[in-house]
Amino acid sequence: MGGNTSKVTAQDKAILDLKIQRDKLQQYQRRITTLTDKETDIARQMLAKGDKPRALLALRRKKYQQGLLAKTDAQLAQLEQLTSNVEFAQIQKDVVFGLQQGTKVLQEIHREMGGLEHVEKLMGETADAIAYQNEVSEMLGGRISNQDEDEVEDELAAMEAQVRGPALQHQDREQQQQQRLPSVPSARLPDHEQRVPDEEPVRETRQAMLAE
């Protein structure tokens with residue numbers, strides 16, 4: 001008995017690896033969506049308590065995770081196009097290298113997720129939680145672009161407006177207007193020198209009385 005056995009080509013292997021990465025990415029996307037929703041909720045809670053630094057940290061971490069997923073998704077979409085290329089043999093090295101890089105990024109995503117218990121640490125005040133917050137802040141320092149930082153600041157400002165409400169915004173505007181007004185000097189101004197009454201009319205009256 002004999003049969004034709006299909007040979008697994010390098011292209012077949014690349015497509016299989018790509019599918020594995022895509023499946024993992026989709027799993028991570030669902031999990032990270034849960035985490036980013038929680039981070040948004042934590043940011044609101046921190047703003048309600050007046051803890052703006054921790055609120056900003058939660059939003060920065062969420063922004064980084066979203067950017068990491070978007071970058072990986074775009075990379076995998078590009079690899080899908082490469083693997084379907086009829087001249088796959090000519091670009092095989094590029095595809096293999098891209099898959100290796102994709103694996104590293106997925107591993108990084110897995111490390112960054114950490115689970116809900118790590119997200120909860122973003123608003124903790126214990127020594128362990130503060131150490132974790134410092135670690136996350138230091139990690140994000142070199143991995144978020146200036147544009148992302150600006151977008152996070154805008155999101156924080158919009159969230160702060162929702163949390164604090166229009167009344168407090170009006171109060172803030174009044175305080176800002178008062179700060180712009182010139183302050184009333186507190187030091188006592190020097191008294192003006194008292195003017196000596198003019199004695200000339202008195203002298204003339206006295207001379208007239210003597211003449212009589």
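Predicted model: local features only at pLDDT ≥ 70, side-chain atom pairs only at ≥ 80, totals over all residues.
Reader: How far apart are the end C-alpha atoms of helix H5?

Author: Helix H5 runs over residues 127-141, which makes 15 residues. At 1.5 Å a residue, these should span 21 Å. The model agrees with that expectation, as the end C-alpha atoms of H5 are apart by 21 Å.

Reader: Around the axis of H5, what arc do its buried residues cover?

Author: The buried residues of H5 are Ala 129, Tyr 132, Gln 133, Val 136, Met 139 and Leu 140. They lie on the same side of H5, because around the axis they cover an arc of only 130°.

Reader: And which residues are exposed on the other side of H5?

Author: An α-helix has 3.6 residues a turn, so residues three or four places apart point the same way. On the other side of H5, the exposed residues are Ala 127, Glu 135, Glu 138 and Gly 141.

Reader: Is Arg 60 buried or exposed?

Author: Arg 60 belongs to helix H2, residues 52-83. Beyond its neighbours within four places in sequence, its contacts are Ser 137, Leu 140, Gly 141, Ile 144, Glu 149 and Val 152. The relative accessible area of Arg 60 is 11%, under the 20% cut-off, so Arg 60 counts as buried.

Terms used. Residues numbered from 1 in each chain as written. Heavy atoms only, no water. Helix = DSSP H or I, 4+ residues; strand = E, 2+ residues; numbered from the N terminus. Expected span 1.5 Å × (residues − 1). Buried < 20%, exposed > 50% of the residue type's maximum accessible area, 1.4 Å probe, protein only. Arc of directions from axis to C-beta. Contact = heavy atoms within 4.5 Å.
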